[in-house]
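Subject: Handing over the structure, with notes

Dear colleague,

I am passing on the structure that we spoke of, and below it you will find what came out of going through it. Please have the sequence and the coordinates open while you read.

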There are 2 protein chains.
Amino acid sequence: MRIAELSRLTGVSVPTIKYYQREGLLPPAEFTSPNQARYDDEHVRRLRLIRTLIDIGRLPIATIREVLDHLDQPHADLHQMLGQALKATGCSREPITDEAVAAADRYVDELIIRRGWHVGPYAPARQTVAEVVAALRGLGADDIVMHLDEYAESAERIAATDLEIVRRRAEPHEMVYGAVIATILGDTLVAGLRRLAQEDASARMFARPHSETSAVASAR
Amino acid sequence: MRIAELSRLTGVSVPTIKYYQREGLLPPAEFTSPNQARYDDEHVRRLRLIRTLIDIGRLPIATIREVLDHLDQPHADLHQMLGQALKATGCSREPITDEAVAAADRYVDELIIRRGWHVGPYAPARQTVAEVVAALRGLGADDIVMHLDEYAESAERIAATDLEIVRRRAEPHEMVYGAVIATILGDTLVAGLRRLAQEDASARMFARPHSETSAVASAR
């Protein structure tokens with residue numbers, strides 16, 4: 001198909017498609033003649049993925065390029081392939097390093113040992129968790145830190161669902177693709193479901209007899 | 001204490017403290033004389049919360065103002081107070097509305113009925129979940145959508161932990177404060193724990209005999 005058709009099918013404007021090509025997010029078209037670029041279903045699929053990572057995943061272009069690079073690279077070992085692709089989906093901000101984070105880091109090490117998790121010593125998510133633990137302590141919210149094992153158990157269940165989805169896919173490429181979108185969109189999905197479940201739990205725990213309707217009204 | 005001491009205790013520079021005051025994030029100081037502003041422990045605490053919401057929660061200033069406004073407002077009903085504060089922590093982006101999202105919205109309604117959740121019809125998280133479901137379907141990932149109930153069950157467990165933390169706090173103000181930081185920092189916390197648990201699940205499911213050490217090496 002031509003670029004106009006690609007644009008129509010995906011809802012992405014022609015200048016934006018060209019921008020993604022310049023940024024290396026979209027593979028080049030096949031040129032059937034010097035002025036005739038041809039696109040195929042793989043371009044449609046890739047473009048939809050890019051838009052979703054931007055609109056729902058809210059990832060910056062540089063992170064998307066890194067994620068897509070990993071999707072395109074064949075690896076011999078599926079575990080390594082998943083590890084590389086998912087590492088790119090993590091937070092790429094500057095790590096915070098201070099005494100409080102170092103102390104929290106040891107606390108996260110202990111959690112990982114307690115849960116028997118096989119996790120590399122340089123996994124970026126270790127740092128993320130340590131930073132949150134340090135921040136919670138800094139806010140005096142040690143009671144939240146005390147529930148870390150419960151949150152870890154819920155995270156295990158989520159990861160088990162993620163990996164079950166991956167395992168059922170036939171091709172290694174499809175598996176990695178599935179893991180990336182399940183994780184990136186899954187963060188937003190779980191955050192949304194968590195807020196719905198909180199509203200339910202709060203209604204059961206705290207609502208006054210008349211308050212179900214007023215909670216509904218207040219949410220308008 | 002004076003502003004210099006407030007800055008030293010919190011690590012936030014004096015111009016930044018003044019900026020937060022102009023933006024209405026930080027309550028005004030008490031003036032003991034026309035040139036002598038005095039700050040107290042409540043300012044220290046508030047400033048630490050603001051920094052955490054920016055650094056870890058990555059919330060924009062306008063959202064932080066809204067969250068803080070709810071923390072400062074007394075409500076008669078704890079359920080409504082939690083609902084209002086947590087609503088402000090949701091994604092404040094423009095909602096996507098199209099046929100695919102409308103179809104996904106009905107799917108989310110069914111999920112809510114299936115789980116017996118007490119959720120108001122206009123809860124913003126409904127829209128978030130519907131948008132993710134529509135996006136997953138658009139990417140051909142119906143296999144992920146099929147696992148929505150499993151993710152919902154994990155979200156219920158997370159929400160139960162959140163509310164347990166809230167319930168154990170003594171004062172309504174402390175409860176809402178706890179719910180807000182547990183939710184905002186908790187999204188990052190759960191995302192980090194999920195990645196660690198995924199690495200573990202992937203190692204168990206897919207790693208070749210030699211690959212544990214190489215996965216570690218690849219994560220450096």
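This is a predicted model: local features need pLDDT of at least 70, side-chain atom pairs count only at pLDDT 80 or more; totals for chains, interfaces and linings use all residues.

B:Glu5 takes part in a salt bridge with B:Arg8, in which the closest N and O atoms are 3.3 Å apart. The two residues are three apart in helix α1 (residues 3-10) of chain B, which means that about one helical turn separates them. B:Arg8, for its part, is exposed, with a relative accessible area of 59%.

A second pair is found in helix α9 of chain B, where B:Arg168 and B:Glu164 are four residues apart, about one turn of the helix. They form a salt bridge with 2.8 Å between the closest N and O atoms, and B:Arg168 counts as exposed at 61% relative accessibility.

In chain A, a salt bridge joins A:Glu156 to A:Arg115, with the closest N and O atoms 2.6 Å apart. This pair links distant parts of the chain, since A:Glu156 lies in helix α9 (residues 148-168) of chain A and A:Arg115 in helix α6 (residues 99-115) of chain A, 41 residues apart. Both are partly exposed, A:Glu156 with a relative accessible area of 27% and A:Arg115 with 24%. Over all chains, the count of salt bridges comes to 33.

The contact between the two chains deserves a longer look. On the side of chain B, 101 residues are in contact with 100 residues of chain A, and the area buried between the chains is about 9500 Å², of which carbon and sulfur atoms give 67%. Within chain B, the residues that lose the most area to chain A are B:His79, B:Leu139 and B:Arg194, which together make up 8% of what that side buries.

Between chain B and chain A there are 28 residue pairs in polar contact. The elements giving two or more residues to the side of chain B that touches chain A include α3 (41-55), α5 (78-88) and α6 (99-115) of chain B, while α10(B) gives the most, with 28 residues. By type, the residues on that side divide into 50 nonpolar, 25 polar and 26 charged.

Eight salt bridges are found across this interface. One salt bridge between the chains has the side chains of A:Asp143 and B:Arg169 meeting at 2.7 Å, N to O. Through shared partners, salt bridges join A:Asp143, B:Glu42, B:Arg45, B:Arg169 and B:Glu174 into one network.

How are the two chains related? Chain B can be laid on chain A with an RMSD of 0.0 Å by a turn of 180° and a shift of 0.0 Å along the axis, and that is the relation of a two-fold axis. B:Ser154 is the residue of chain B that comes closest to the rotation axis, its C-alpha being at 2.8 Å. Of the interface residues of chain B, 99% are also interface residues in chain A, so the copies meet through the same surface.

Lastly, B:Glu131 lies in helix α7 (residues 124-138) of chain B and counts as buried, at 3% relative accessibility. The side chain of B:Glu131 makes a polar contact with that of B:Gln127, at 2.6 Å.

With kind regards

Notes
Residues are numbered from 1 along each chain as its sequence is written. Chains are lettered from A and ligands numbered from 1 in the order in which they are written. Side-chain values use heavy atoms; hydrogens and water are left out. Buried means under 20% relative accessible area, exposed over 50%, partly exposed in between (1.4 Å probe, protein chains only). A polar contact is a pair of N or O atoms within 3.5 Å; within protein, one must be able to donate a hydrogen and the other to accept it, and residues adjacent in sequence count only if both atoms are side-chain atoms. Contact means heavy atoms within 4.5 Å. Buried area is the accessible area (1.4 Å probe) that two parts lose on being put together, summed over both. A salt bridge is a side-chain nitrogen of Lys or Arg within 4 Å of a carboxyl oxygen of Asp or Glu. Ala, Val, Leu, Ile, Met, Phe, Trp, Tyr, Cys and Pro count as nonpolar, Asp, Glu, Lys and Arg as charged, and the others, Gly among them, as polar. Copies are superposed by least squares on the C-alpha atoms of residues with pLDDT of at least 70 in both.
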